[in-house]
Every structure is written in structure tokens, then in C-alpha cells.
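Visitor: I have a model on the screen and would like to go through it with you. Could you please show it to us both?

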Amino acid sequence: MAAAAGRIPDRDVVHNRLPLLRADRGISRSALADALGIHYQTIGYIERGEYAPSLNLALRIARFFDLPVEAIFAIEPFGQLGADALLAHRDVAPEH
Amino acid sequence: MMATPTLTDRIATLPRRTRRLVVLAAFLGYPLLVVGYSRLVLTDQVPVTLWAPIALALMALSLGGVAILYNWAQPRTASSARLDERQRAMLDRAHVIGYGVLGIVAAVLSGALALIASFQGPIVVTMEGLTPFLIALGLYLPTLPSAILAWIETDPARDDLEASR
């Protein structure tokens, strides 16, 4: 169940890659909020981990970015992006 | 050219610190007025002429506070408001806290009345004594969820504000 905005216990935090995805696709917070039909502040709350979205909203966000939901949300913190991911769009093999 | 914000705009964007001061003013003004009147004026410690402006100020604090809270909360609590799931969660939380507060107040009042009845005998309820409670109920009961919401709603983060422009 989504906890109320403001303070949620650590065990209820849902980690996400929304800021990264928004930056990558060049989508503003308000544009994303408009596309999803939610308040712009709610995107900020989700990005900061202050609000855990419902399954419905998480799935809608995943559909918007055309990604599986687990690529955007996780209950464990996401690791840093490795060279493989960063260079995936290039024809350059990562140096090891 | 930027338009001058209207009073409604200013109320809608009140920071949490100010909102909390408004809640305190609204919920302390009338009780202080009643207590002051019964403790100071009815016991002839303070003349009515001196008390009148204080009473007016306290009443203005309460009524003004309630009006501000109502206007701030209206877009967030009206049945026609289009709220997203986070906003609905906040409103639900405000109602839950509001009922909790009401429960505590009712329990404390009942306990106090029971104690008084036990040690001092039957309590005679007159209309004069009951009226302040009825006014307080009428003033604060409908305002309680709005006041709780105003108290708990956090301020938008700076990047949220930038995103809204």
C-alpha cells in the first residue's frame, strides 16, 4: 500500500530511476505528470522516494517509458550504471 | 509581465510554516476567548471594556484562520476535486488523524466529566455553559480535516516549483 507522502519507513521505500530516465528522454516533471494525469509534485515525491506509487501508477509509468517496471522501480537501491550500459548505444566495446 | 498574485493565489501557496501558524491561531483563538472570559471577566479581574478588543482580536484570529484554512484546502478536499493517488492518500491520512484527535478529545472530556461527577456530584448543564462547546464544535469540526492536511502537507521542493513553471 502506498504510504502517505512526507515520511515513509525505509522498508517501504521504492527506489527508482525516474530522474535518470527523464533526463535521458528530455522529459520535464510536469510533462510526465501531464501524460500520466497526476500532479507534478507527485512525480517529485516519487523521485525522492518520499512516496511509493501504487502498482497501477508504476505500470503506467513503465508503459510511458516503454520499459519493464522492474527496470524503473526496485525495493533495493539500484547499482551504478556500468560501462556496458553507458556504451550500449555505441559500437565501442568497453575497455577492461 | 507577471500578474500580481491574488489573495486566493497567495493562500494556495502558503508555506507549511505559515499554514501551521494559521492552524494554531484558528484553533487557539476561540478557546482562549472562552477561557479568558470565564476566568478574567466573569471573576471581575478584567473590566469588559478592556476585554472587548482582546476578545474581538481572538475571535478574528479564529474566524480568519478558519477562513484561510478553508480556502487553502478547498481544491484538495472538495468532492469534485480531481486528486491523484498521492493527494488522496494525504487526504485519507488527514481524516484518519482528524478522527484520532477527535477520539482523544472526546475521551479526555468524558474522563474529566466523569471525575468531576464522581468527586463533586451531579453536573448541571446549562445552555450558557453548553453554548461555547456548541460554537467550538460548529467552528472546528468541519475544519479539522483541512487543518490536519494544512499541518502535514509538505512544501513543494524547489525543483518541483521550477517544474511547475
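Visitor: To begin, does Ile61(A) count as buried or exposed?

Guide: Ile61(A) counts as buried, because its relative accessibility is 0%. Buried means under 20% relative accessible area, exposed over 50%, and partly exposed in between, with a 1.4 Å probe and protein chains only. Please note that this is a predicted model, in which local features need pLDDT of at least 70, side-chain atom pairs count only at pLDDT 80 or more, and totals for chains, interfaces and linings use all residues. Residues are numbered from 1 along each chain as its sequence is written, chains are lettered from A and ligands numbered from 1 in the order in which they are written, and side-chain values use heavy atoms, with hydrogens and water left out.

Visitor: Where is Ile61(A) found, and which residues is it in contact with, sequence neighbours aside?

Guide: Ile61(A) belongs to helix α4 of chain A, residues 55-65. Helices (H or I, at least four residues) and strands (E, at least two) are DSSP runs, numbered from the N terminus. Beyond the neighbours within four places in sequence, Ile61(A) is in contact with Leu18(A), Leu36(A), Ile46(A), Ile72(A) and Phe73(A). Contact means heavy atoms within 4.5 Å.

Visitor: And how many residues separate Ile61(A) from Tyr45(A)?

Guide: The two are 16 residues apart in sequence, and their C-alpha atoms are 14 Å apart in space.

Visitor: What about chain A as a whole: how many helices and strands?

Guide: Chain A has six helices and two strands, in the order β-α-α-α-α-α-β-α from the N terminus. Of its 96 residues, 39% count as buried. Among its contacts with a separation of 6 or more, 61% join residues 24 or more positions apart.

Visitor: Which residue of the loop between α4 and α5 in chain A is worth a look?

Guide: One residue of that loop is Asp66(A). Its phi is near 55°, a positive value in a residue other than glycine. Asp66(A) counts as exposed because its relative accessibility is 68%.

Visitor: Now chain B. What does its secondary structure come to?

Guide: Chain B has seven helices and zero strands, so its elements are, in order from the N terminus, α-α-α-α-α-α-α.

Visitor: What radius of gyration does chain B have?

Guide: Chain B has 20 Å, whereas a compact globule of 165 residues would have a radius of gyration near 15 Å. That radius is taken over C-alpha atoms, and the globule rule is 2.2 Å times the number of residues to the power 0.38. The C-alpha trace of chain B spans about 65 × 35 × 25 Å along its principal axes. Of the 165 residues, 29% count as buried.

Visitor: Which residues have the most contacts inside the largest nonpolar core?

Guide: They are Leu33(B), Trp51(B), Leu69(B), Trp72(B) and Leu149(B), in a core of 27 residues. Helices α2 (16-41), α3 (48-77), α4 (85-120), α5 (127-140) and α6 (144-152) of chain B each supply at least two residues of this core, and α3(B) gives the most, with seven. A second, separate core has 21 residues, among them Leu21(A), Ile46(A), Ala52(A) and Ile61(A). A nonpolar core is a set of buried Ala, Val, Leu, Ile, Met, Phe, Trp, Tyr and Cys residues joined through side-chain atoms within 4.5 Å.

Visitor: Which residues is Leu69(B) in contact with, leaving aside its neighbours in sequence?

Guide: Outside the four places on either side, the contacts of Leu69(B) include Val22(B), Phe27(B), Thr143(B) and Ser146(B). Ser146(B) itself sits in helix α6 of chain B and is buried because its relative accessible area is 9%. With neighbours within four places in sequence left aside, Ser146(B) is in contact with Leu69(B), Trp72(B), Ala73(B) and Thr77(B).

Visitor: Phe119(B) next, please: is it buried or exposed?

Guide: Phe119(B) counts as exposed because its relative accessibility is 72%. This residue is found in helix α4 of chain B. From Ala55(B) it is 64 residues away in sequence and 33 Å away in space, C-alpha to C-alpha.

Visitor: Finally, where does Asp44(B) lie?

Guide: Asp44(B) lies in the loop between α2 and α3 of chain B. It has a positive phi of about 60° although it is not a glycine, and it counts as exposed at 70% relative accessibility.
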